[in-house]
Amino acid sequence: MAGDGRDERAWVRGAQAGSASDLEALFRAHWARAYRAAYLVVHDAAGAEDVAQEAFLAAVRALDRFDGRRPFGPWLHRIVVNRAIDWARARALRREVLAEAAVSAVPAPDDPPDAAAPSAGILEALASLSPEHRAVIVLRYFLEHTPGEIARMLELPRGTVNSRLRRGLDALADVVEQDGEG
Amino acid sequence: MTDLRTELEFAPLPGEIEAQQRAWRVVEAAYREREQLPRRRRSLRPVLAFAVAAAVAAAALSPPGRSVGGWIQDRVAGEPDAEPALVRLPAPGMLLVAAERGPWIIRSDGSKRYLGDYEDASFSPQGRFVVGTAGRRVTALEPDGDPRWSLARPGPVADARWAPSPGFRVAYREGDTLRVVAGDGTGDHLLARGVAPVAPAWLPREGRTVLAYARADGTVVAVDVDSGARLLRTPRARRVREVFWTHEGLVAVRTQRELRLHDRRGRLLRAPAAAVRRELVAAVPLPGAWIMYAEYDRRTNETQLVREACFGRGPCIAIGPSRFFRGAGRLRDLTLSPDRRWVVAGWPDADQLLFLRLPSVGKVVATEDVRREFDPGGSGGGAFPRLAGWCCARASG
């Protein structure tokens with residue numbers, strides 16, 4: 001879990017001043033949520049690691065320019081979720097290319113289901129949505145951002161965010177209900 | 001939705017702890033590298049020996065990065081202070097990057113959006129849309145990748161370019177023909193036959209619909225698309241690679257070995273003696289009468305950026321320092337920022353993007369690991385992305 005606001009601001013200031021221990025505190029406070037958010041969108045362990053790692057690298061390189069009065073989490077979440085959407089889109093394209101190349105009979109190494117991944121319940125239902133729908137669900141119900149914040153993060157009209165939330169929740173409810181009945 | 005929140009929060013994920021340990025090593029290495037590399041300003045950058053940044057080396061040790069380790073060893077060293085990722089643009093606006101798997105929009109804060117499976121793309125005048133081509137289809141896209149309209153043709157299409165504001169026309173090639181469609185996707189029609197495989201170029205004047213294009217016979221023609229009037233035709237040139245307009249309204253034709261400038265009647269104003277061992281790999285018009293171009297020397301395997309003033313009469317001339325940057329391998333895709341203060345170039349041999357501060361390249365900002373940046377989840381060993389535009393003056397990013 002992320003530390004409180006004062007801790008976080010102190011870690012950011014410390015990291016900006018050259019303290020690796022403060023950077024580590026910031027990293028450990030935010031890694032789990034960043035990785036989880038990425039995984040919930042990309043549904044691939046290596047992809048989630050890649051996305052979360054790149055987001056932290058971007059944070060390190062932008063550290064000097066980061067306004068320490070602003071919360072670190074939302075800024076990181078924006079990078080994570082946008083990169084996760086891109087990763088998922090690119091993977092979907094790779095699958096199409098592979099299929100066209102007539103090698104689709106052999107699953108690509110990074111294709112789900114991941115052998116060690118959770119296979120049941122809401123996560124599986126989430127995987128049935130598009131990356132864009134998964135992203136708004138994750139931002140709203142896991143990272144707990146408001147629809148307005150999500151609209152700004154994803155640079156979407158607020159109405160689009162609301163409609164994606166509605167459609168996403170409807171789809172999740174359907175799948176979960178079917179699971180329950182099965 | 002309490003259950004949903006709880007499920008999302010607590011469901012066990014594969015590899016979470018190990019991923020954290022690996023990622024921390026990478027992040028920490030990048031952080032220490034950041035401390036150890038002071039910023040330097042140089043007006044002429046020397047060619048550098050082989051090197052790999054510590055952060056990239058650390059990244060290559062992690063599973064997502066391991067596969068890129070092999071080819072990283074072979075690339076030339078680029079700027080030593082390069083950022084490991086495209087964190088932000090040095091100027092406002094949006095950068096359009098056409099990667100192997102499709103185009104991306106990068107905003108000034110570094111956030112990116114993958115637009116989908118298109119082979120080529122370019123901005124509409126205000127950056128409100130992107131027009132992309134894929135196979136036999138031309139598609140206008142919202143900046144988040146949602147299609148606005150799409151047009152299918154019998155033959156393969158390429159090089160779609162949107163006319164300047166108000167953006168009522170889009171030109172594109174279908175095989176060896178040039179076609180024009182209205183900005184809303186209607187009224188598609190043939191404009192010319194026998195065109196060369198070179199992107200057409202609209203005169204960058206608001207409200208004008210003058211289009212220059214290269215013909216298969218080596219001439220370049222400019223026509224008013226709406227009236228159909230031919231405005232100029234240039235003498236033949238060999239191996240036309242690019243056609244563009246200068247800010248002075250001259251037609252510039254880049255061939256393999258020279259940059260030819262033509263006046264509004266098509267008369268040749270400038271054709272410097274071909275440099276036998278040099279290849280002209282990129283060019284871009286700068287504000288005023290300036291043009292910057294990249295010369296690649298096969299003997300030394302170096303590219304040098306040159307800036308000259310071309311006034312439309314007489315030869316282009318160097319005013320003040322004219323040679324600014326030199327690097328190993330080839331640079332390409334010189335692209336001017338909307339505020340006209342930066343030029344960005346692709347540097348495939350170093351796997352870097354170079355942002356060069358104008359007018360005299362007093363500052364260079366580089367970002368590395370570019371192939372991988374635009375191939376998330378991939379090996380990063382594919383084709384180097386092409387820079388397809390930097391838009392727009394009013395875009396806030």
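Q: Which residues of helix α6 in chain A are buried?
A: Quick ground rules for this predicted model: local features need pLDDT of at least 70, side-chain atom pairs count only at pLDDT 80 or more, while totals for chains, interfaces and linings use all residues. Residues are numbered from 1 along each chain as its sequence is written, chains are lettered from A and ligands numbered from 1 in the order in which they are written, and side-chain values use heavy atoms, with hydrogens and water left out. Helix α6(A) spans residues 131-142 and is mostly covered; helices (H or I, at least four residues) and strands (E, at least two) are DSSP runs numbered from the N terminus, and buried means under 20% relative accessible area, exposed over 50%, partly exposed in between (1.4 Å probe, protein chains only). The buried ones are Pro131(A), Glu132(A), His133(A), Arg134(A), Ala135(A), Val136(A), Ile137(A), Val138(A), Leu139(A), Tyr141(A) and Phe142(A).

Q: Which residue just after α6(A) takes a positive phi?
A: Start from the helix, with 11 of its 12 residues buried. Just past it, a phi of about 60 degrees belongs to Glu144(A).

Q: How much area is buried between chain A and chain B?
A: In terms of contact (heavy atoms within 4.5 Å), 59 residues of chain A touch 56 residues of chain B. Buried area is the accessible area (1.4 Å probe) that two parts lose on being put together, summed over both. Carbon and sulfur atoms give 57% of the total, which is about 5300 Å².

Q: Which three residues supply more of chain A's buried area against chain B than any other three?
A: Go back to the area buried between the two chains. On chain A's side, 14% of it is supplied by Arg36(A), Arg61(A) and Tyr141(A).

Q: Which helix gives the largest share of the side of chain A that touches chain B?
A: The rule finds seven salt bridges across this interface, a salt bridge being a side-chain nitrogen of Lys or Arg within 4 Å of a carboxyl oxygen of Asp or Glu; one of them joins Glu155(A) and Arg107(B) at 2.3 Å. Several helices of chain A each supply at least two residues of that side, including α1 (5-16), α2 (20-42) and α4 (72-100). The largest share, 12 residues, comes from α2(A).

Q: Why does Arg113(B) count as buried?
A: Arg113(B) sits in strand β3 (residues 112-114) of chain B. Its side chain makes polar contacts (N or O atoms within 3.5 Å; within protein, one must be able to donate a hydrogen and the other to accept it, and residues adjacent in sequence count only if both atoms are side-chain atoms) with the side chains of Asn82(A) and Asp86(A), each at 2.9 Å. Leaving aside neighbours within four places in sequence, Arg113(B) is also in contact with residues including Arg89(A), Trp104(B) and Pro143(B). It counts as buried because its relative accessibility is 11%.

Q: Which residue takes a positive phi in the hairpin of β16(B) and β17(B)?
A: Five bridges join these antiparallel strands, residues 240-245 and 251-255, and Val240(B) stands opposite Thr255(B). Five residues lie between the strands, and the one with a phi near 85 degrees is Gly249(B).

Definitions and conventions. Two strands pair if DSSP finds at least two bridges between them.
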